Amino acid sequence: MAPLTPHSDEKTHQALLDKLDIYAVHKPFRNPHWKPAQRRNKNLKQVLGEASRKEASMMTTQANSGASTPAVASEGGATPAGIGRPPNIAQAAQSLDRLVLEKNGRAAAGNATGPAPTYTNIESAPSFHPSAQKKYCDITGLPAPYTDPKTRLRYHNKEMFGTIRTMPQNVYEGYLAARGAHTVLK
């Protein structure tokens, strides 16, 4: 066997490295026939934007629908509010559209007593869920993330906690009574 020269040793070593190099081998990680799905999910901003555009287009078509409607006189021959003044047809058409929308909303809600709460309707009732109720410090009135287990007073920070723990019983019972959380055992 012939002795290896430094030059030939480098060539064989480089050939071995090229053969075993895992980065030189092409690895298709994705199927070449794969295509993304045609249906894309929309985020909340897109959904709300489309809904507001749709609602705006409905309002403009409804507002323009009454513009060509002739004015109908009431039983007395003129409008009750504006005797002697010509009726405002555009304003009457808008209020008529609003009445129709409210009537349709009540019918869809199943004879509800008030308007159905929607994203654009702020006339819905406030939430009475416990997580929606804000808790405030009984002493300072600031937001109170903590409650003392011994006295059941709500407090804002550690300084208020120290103050609560040094209070006599009749004082912290007065704070509980002011909040309406005072219980009297008989």
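Arg 165 is partly exposed, with a relative accessible area of 39%, where buried means under 20% relative accessible area, exposed means over 50%, and partly exposed lies in between (1.4 Å probe, protein chains only). The model is a predicted one, in which local features need pLDDT of at least 70 and side-chain atom pairs count only at pLDDT 80 or more, while totals for chains, interfaces and linings use all residues. Residues are numbered from 1 along each chain as its sequence is written, and side-chain values use heavy atoms, with hydrogens and water left out.

Arg 165 forms a salt bridge with Asp 148, the term meaning a side-chain nitrogen of Lys or Arg within 4 Å of a carboxyl oxygen of Asp or Glu. Arg 165 lies in helix H4 (residues 158–166) and Asp 148 in the loop between S1 and strand S2 (154–155), so the pair ties together parts that are 17 residues apart in sequence; helices (H or I, at least four residues) and strands (E, at least two) are DSSP runs, numbered from the N terminus. Asp 148 is buried, at 0% relative accessibility.

The search of the whole structure finds 3 salt bridges, listed here.

| Salt bridge | Closest N and O atoms |
|---|---|
| Arg 165 and Asp 148 | 2.7 Å |
| Glu 50 and Lys 42 | 3.0 Å |

Asp 138 is buried, with a relative accessible area of 16%, whereas Arg 179 counts as partly exposed at 29%. Glu 50, which pairs with Lys 42, is partly exposed at a relative accessible area of 35%.
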